[in-house]
Amino acid sequence: AQALPQLWSKGHRNVQGAAWDAERAMLWTVEHGAPGGDEINAPQPGLNYGWPVISYGRNYSGTRIGIGQAADGYEQPLYYWDPSIAPSGLAVYHGELFPQWKGDLLVGALVDQSLVRLQVEDGKIVGEERMLGGVFGRIRDVRVLADGAVWLLTDEPDGKLLRITPAKD
């Protein structure tokens, strides 16, 4: 079924981060799903990303959500986490300080208390690296500044704003 013209895309659950990737001319989103249903999408106009009809997550009671993990007319996520990491902020890395990260996605994780780097090649997620696990607590937001430094905001009673740069040799 066609979406109303006022809707750009639908079927998203709790978008925690959205980042425009100027070099690829595309939008990325990270969605906090039910247990096992956190996901990365690249929304396109008029498409349905499934919530609450399909999901890789389960209700908190353990029961299935909707009709399962896939159905005609619903898009699959580009990536999902099971178990859930409770994703938060999202950034696309196009800085100079970490050249090996060019074009990768950086995702904050609340429950996992880490910074997650998703390796992207040709618009597809091909790998994952988890960093800083438990060192600073819950990562609420991620930003990449013009100098290429990664800034993290923690979600703690004594929250911190952290600047991440490469280690000096």
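Visitor: Where is alanine 25 found?
Guide: Alanine 25 is found in the loop between β1 and β2, where strands are DSSP runs of E with at least two residues, and helices runs of H or I with at least four residues, numbered from the N terminus. This is a predicted model, in which local features need pLDDT of at least 70 and side-chain atom pairs count only at pLDDT 80 or more, while totals for chains, interfaces and linings use all residues. Residues are numbered from 1 along each chain as its sequence is written, and side-chain values use heavy atoms, with hydrogens and water left out.

Visitor: What about phi of alanine 25?
Guide: Phi of alanine 25 is near 55°, which is a positive value in a residue other than glycine. Alanine 25 counts as exposed because its relative accessibility is 53%; the cut-offs are over 50% for exposed, under 20% for buried and partly exposed in between, with a 1.4 Å probe and protein chains only.

Visitor: Which other residue has a positive phi, near 50°?
Guide: Aspartate 122 has a phi near 50°, again in a residue other than glycine. Aspartate 122 belongs to the hairpin of β7 and β8, which has two residues between the strands, and at 79% relative accessibility aspartate 122 counts as exposed.

Visitor: How many bridges pair β7 and β8?
Guide: Strand β7 (residues 114-121) and strand β8 (residues 124-131) pair in the antiparallel sense over seven bridges, where pairing requires that DSSP finds at least two bridges between two strands. Valine 116 has arginine 130 in β8 as its bridge partner.

Visitor: And what order does that open sheet of four strands have?
Guide: The order is β5-β6-β7-β8, with antiparallel pairing, and the edge strands β5 (87-92) and β8 each pair on one side only. Neighbouring strands of this sheet are turned by 25° against each other on average, direction ignored; the axes are lines fitted to C-alpha atoms, for helices over the stretch in contact, and angles run from 0 to 180 degrees between N-to-C directions. Inside that order, strand β6 (residues 105-109) pairs with β7 in the antiparallel sense over five bridges, and alanine 109 stands opposite serine 114 in β7.

Visitor: Changing topic, is aspartate 38 buried or exposed?
Guide: Aspartate 38, in strand β3, is buried yet has no salt bridge, and the nearest side chain of opposite charge, arginine 13, is 6.1 Å away. A salt bridge needs a side-chain nitrogen of Lys or Arg within 4 Å of a carboxyl oxygen of Asp or Glu, and for charge Lys and Arg count as positive and Asp and Glu as negative, with His and the chain ends not counted.

Visitor: What does the side chain of aspartate 38 reach, then?
Guide: The side chain of aspartate 38 reaches the backbone nitrogen of glycine 33 at 2.9 Å.

Visitor: Where are the cis peptide bonds?
Guide: One joins tryptophan 51 and proline 52, with omega about 0°, and proline 52 is found in the loop between β3 and β4. Another runs from aspartate 82 to proline 83 with omega near 15°, and proline 83 has its place in the loop between β4 and β5.

Conventions. Polar contact = N/O pair within 3.5 Å; in protein donor to acceptor, adjacent residues only side chain to side chain.
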